[in-house]
Amino acid sequence: MTDSTPPIASFTHRHLLGIEGLSPVEIELLLDRSESYVEQNRQADKKKSVLRGRTIINLFFESSTRTRTSFELAGKRLGGDVINMSVSTSAVKKGETLIDTAMTLNAMHPDVLVVRHADSGAVKLLSEKVNCAVINAGDGAHEHPTQALLDALTIRRRKGRLGGLQVAICGDIAHSRVARSNIHLLNTMGARVRLIAPRTLIPVQAERLGCEVFHSMADGLVDCDIVMMLRLQTERMKGNYFPSIREYFRFFGLDYDKLSRAKPDALIMHPGPMNRGVEIDSELADDIERSAIREQVEMGVAVRMACLEIMAGNLPDPWQRND
Ligand code: NCD
């Protein structure tokens with residue numbers, strides 16, 4: 001953190017629902033705060049009491065490994081009480097609606113709700129019904145703000161900056177909330193974004209997002225500083241988007257040959273879960289000289305600590321709350 005870093009109270013949003021609409025100063029503030037937790041997470045004693053007395057509920061309507069675990073670790077390392085609710089064990093299975101579930105949890109006075117849902121906009125809807133702060137852990141193909149922040153932190157640590165970098169986001173962009181949040185963040189911070197995918201996996205009006213669009217890895221990867229790979233999100237696909245996995249890997253899977261078009265020190269990233277041999281060559285994914293994939297997971301905990309701290313810090317005085 002630099003001396004010029006604004007105090008965290010200057011981040012005034014009640015909820016963290018997306019990257020769209022955040023200013024460069026606000027993004028910088030979240031990243032600087034996250035940075036301060038990276039070193040702490042490498043110490044033997046990782047515990048702080050910033051969230052002592054606070055309750056965080058992880059409410060996941062979709063499966064998750066790293067996002068849910070890292071929010072849980074983040075909350076616990078800051079001394080908060082963390083409860084994990086997954087849909088398979090909740091009353092949602094018994095037909096309770098999203099809003100009823102939210103109201104039930106709200107009545108237990110949580111301070112932060114971390115929510116993942118398969119529908120775009122569901123997390124915002126929920127945030128309008130509760131008194132606590134809400135963090136979007138991924139809503140449909142819309143946004144996944146903490147993933148974009150952890151990606152940005154990883155890039156900033158490796159490259160020293162975000163502005164001016166050429167970033168390629170490759171693969172199933174049409175179904176990806178990770179891509180959308182990253183596009184907003186990278187554009188806001190002055191990076192240049194290219195999208196590389198078959199025509200069927202590029203969202204309509206992609207250029208409107210302020211990106212260059214390519215349908216060939218050989219062309220799109222030229223001189224890139226960062227190569228972000230995405231999984232084929234078949235769970236969101238209705239119909240056939242590509243002829244076969246083999247053909248997809250041949251044209252759009254990242255391997256050493258395709259990577260040679262990017263800058264010699266280009267960094268490979270992937271939000272996970274990774275499908276080896278589909279969007280990325282297995283050996284390349286494990287190449288520690290080129291891949292920042294493990295580091296992304298590490299940064300995820302630090303970013304979620306910063307987000308929990310800042311959002312909990314923004315809550316009105318509990319005695320003033322009308323709940
Ligand atoms: C991503 C997600 O859930 O949107 N994963 C993650 O959060 N680490 C991407 C994906 O599922 O492919």
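1. In strand β7, Val-213 is the bridge partner of Leu-195, and the pairing of β6 with β7 (residues 212–214) is parallel, running over three bridges. Strands here are DSSP runs of E of at least two residues, helices are runs of H or I of at least four, and both are numbered from the N terminus; two strands count as paired if DSSP finds at least two bridges between them. Four of the five residues of β6 are buried, so this strand is largely enclosed by the rest of the structure, where buried means under 20% relative accessible area, exposed over 50% and partly exposed in between, with a 1.4 Å probe and protein chains only.

2. The model is a predicted one, in which local features need pLDDT of at least 70 and side-chain atom pairs count only at pLDDT 80 or more, while totals for chains, interfaces and linings use all residues. Residues are numbered from 1 along each chain as its sequence is written, and side-chain values use heavy atoms, with hydrogens and water left out.

3. Strand β5 (residues 166–170) pairs in the parallel sense with β6 (residues 192–196) over five bridges, and also, again in the parallel sense, with β8 (residues 226–229) over four bridges.

4. How many of the five residues of β5 are buried? Five of five are, which leaves the strand mostly covered; Gln-166, Ala-168 and Cys-170 point one way, and Val-167 and Ile-169 the other. From β5 the chain crosses through helix α6 (residues 177–188) to β6 in a right-handed β-α-β crossover, that is, with the strands pointing away from the viewer, the path from the first strand over the helix to the second runs clockwise.

5. A parallel open sheet of four strands has the order β2-β1-β3-β4. Its edge strands are β2 (81–86) and β4 (133–139), each with a single partner strand, so one side of each is left without a neighbour in the sheet. The twist from one strand to the next averages 15°, with axes fitted as lines to C-alpha atoms, for helices over the stretch in contact, and angles taken from 0 to 180 degrees between N-to-C directions. Within this sheet β1 (residues 55–60) and β3 (residues 112–117) share five bridges in the parallel sense, and Leu-59 has Val-115 as its bridge partner in β3.

6. Helix α3 (residues 98–106) packs on this sheet, where it touches β1, β2 and β3 and makes about 165° with the direction of β1; contact here means heavy atoms within 4.5 Å. Helix α11 (residues 293–313) lies across β1, β3 and β4, at about 145° to β4.

7. The largest nonpolar core has 89 residues, of which Leu-149, Ile-169 and Leu-254 touch the most other members; such a core is a set of buried Ala, Val, Leu, Ile, Met, Phe, Trp, Tyr and Cys residues joined through side-chain atoms within 4.5 Å. Its largest share, twelve residues, comes from α11. Another core, of 16 residues, lies apart from it and has Ile-57, Leu-59, Phe-61 and Leu-98 among its members.
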